[in-house]
Amino acid sequence: MTHTVLHIDASARLAGSVSRTASAALVAEQNADRVITRDLAETLPLLDETWVTATFIAPGDRTEEQAAGLSLSDQLVAELQEADTIVIGTPIYNFAGPASLKAWIDQVARAGVTFRYTENGPEGLLSGKKIIVAVASGGVSIGSPMDFLTPHLSQFFAFLGLTDVSFVNAADVTPQTVAA
């Protein structure tokens with residue numbers, strides 16, 4: 001059985017990023033057979049009317065424009081579904097995650113695909129995945145009253161049915177500490 005890791009980096013910084021360095025070390029620790037890389041510095045589109053409308057239409061009934069509007073979302077969802085482990089490297093910007101991470105969240109939260117509504121409320125359609133989030137911050141500690149990132153990500157992933165989520169301080173992760 002192969003082990004697939006989805007590696008997501010959300011920092012706008014390409015060079016010198018603590019969260020990117022930490023997430024790369026955590027990915028290396030996974031001994032994955034396959035790594036899918038998604039760099040959110042390559043800006044994702046925000047949701048628009050075409051996207052929202054298309055999600056309410058059966059795939060075979062969508063227009064070409066609607067199908068095109070969901071094509072990136074379909075790809076992002078497929079990456080998430082294929083992964084056994086998701087490693088995210090993200091900074092805290094202004095008490096929360098970067099806008100690019102929120103854009104990714106919006107693209108993969110798909111009614112009928114990654115979650116569904118039932119008479120008892122929403123139900124996640126994903127399960128059995130481990131999520132590790134390396135968080136870099138210049139002053140907002142994980143779990144502090146000013147940390148809006150980790151509760152948001154915990155709630156979001158639980159909404160999709162994913163509850164094995166751990167957060168690590170990116171500054172504490174180095175290739176040497178991962179190997180130890």
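**Helix packing and charged pairs**

The axes of helix α3 (residues 64-82) and helix α4 (residues 99-108) come within 8 Å and cross at roughly 90°. α3 is therefore roughly perpendicular to α4. On the α3 side the contact uses S73, L76, V77 and L80. On the α4 side it uses W104, Q107 and V108. The model is a predicted one.

Now turn to α5. Here the angle with α4 is about 10°, and the axes lie 12 Å apart. The two helices α4 and α5 are therefore roughly parallel. From α4, the residues L101, K102, W104, I105 and V108 take part. They meet L149, H152, L153, F156 and F157 of α5.

Helix α4 also holds S100. S100 counts as buried because its relative accessibility is 16%, and the cut-off for buried is under 20%. Its contacts beyond four places in sequence are A10, L40 and L44. T43 is 57 residues from S100 in sequence, yet their C-alpha atoms are 6.3 Å apart.

Next, the charges. Side chains of opposite charge can pair when their charged atoms come close. The whole structure contains 7 salt bridges.

Another salt bridge joins R110 to D74, with the closest N and O atoms 2.9 Å apart. R110 sits in the loop between α4 and β4 (115-118), and D74 sits in α3, so the pair ties together parts 36 residues apart in sequence. R110 is buried at 4% relative accessibility. D74 is partly exposed at 34%.

R20 and D39 form a salt bridge too, at 2.8 Å from N to O. R20 belongs to helix α1 (residues 18-29) and D39 to strand β2 (residues 34-39), 19 residues apart. R20 is buried, with a relative accessible area of 11%. D9 joins R20 and D39 in a network of salt bridges.

What of D147? It lies in the loop between β6 (130-136) and α5 (149-159). D147 is buried, yet has no salt bridge. The nearest side chain of opposite charge is K102, 16 Å away. Instead, the D147 side chain reaches the backbone nitrogen of G143 at 2.8 Å. Beyond four places in sequence, D147 touches I92, F95, V140, S141 and I142.

Conventions: Residues are numbered from 1 along each chain as its sequence is written. This is a predicted model: local features need pLDDT of at least 70, side-chain atom pairs count only at pLDDT 80 or more; totals for chains, interfaces and linings use all residues. Side-chain values use heavy atoms; hydrogens and water are left out. Helices (H or I, at least four residues) and strands (E, at least two) are DSSP runs, numbered from the N terminus. Buried means under 20% relative accessible area, exposed over 50%, partly exposed in between (1.4 Å probe, protein chains only). Lys and Arg count as positive and Asp and Glu as negative; His and the chain ends are not counted. A salt bridge is a side-chain nitrogen of Lys or Arg within 4 Å of a carboxyl oxygen of Asp or Glu. A polar contact is a pair of N or O atoms within 3.5 Å; within protein, one must be able to donate a hydrogen and the other to accept it, and residues adjacent in sequence count only if both atoms are side-chain atoms. Contact means heavy atoms within 4.5 Å. Axes are lines fitted to C-alpha atoms, for helices over the stretch in contact, and angles run from 0 to 180 degrees between N-to-C directions. Angles under 35 degrees count as roughly parallel, over 145 as roughly antiparallel, 65 to 115 as roughly perpendicular and the rest as oblique.
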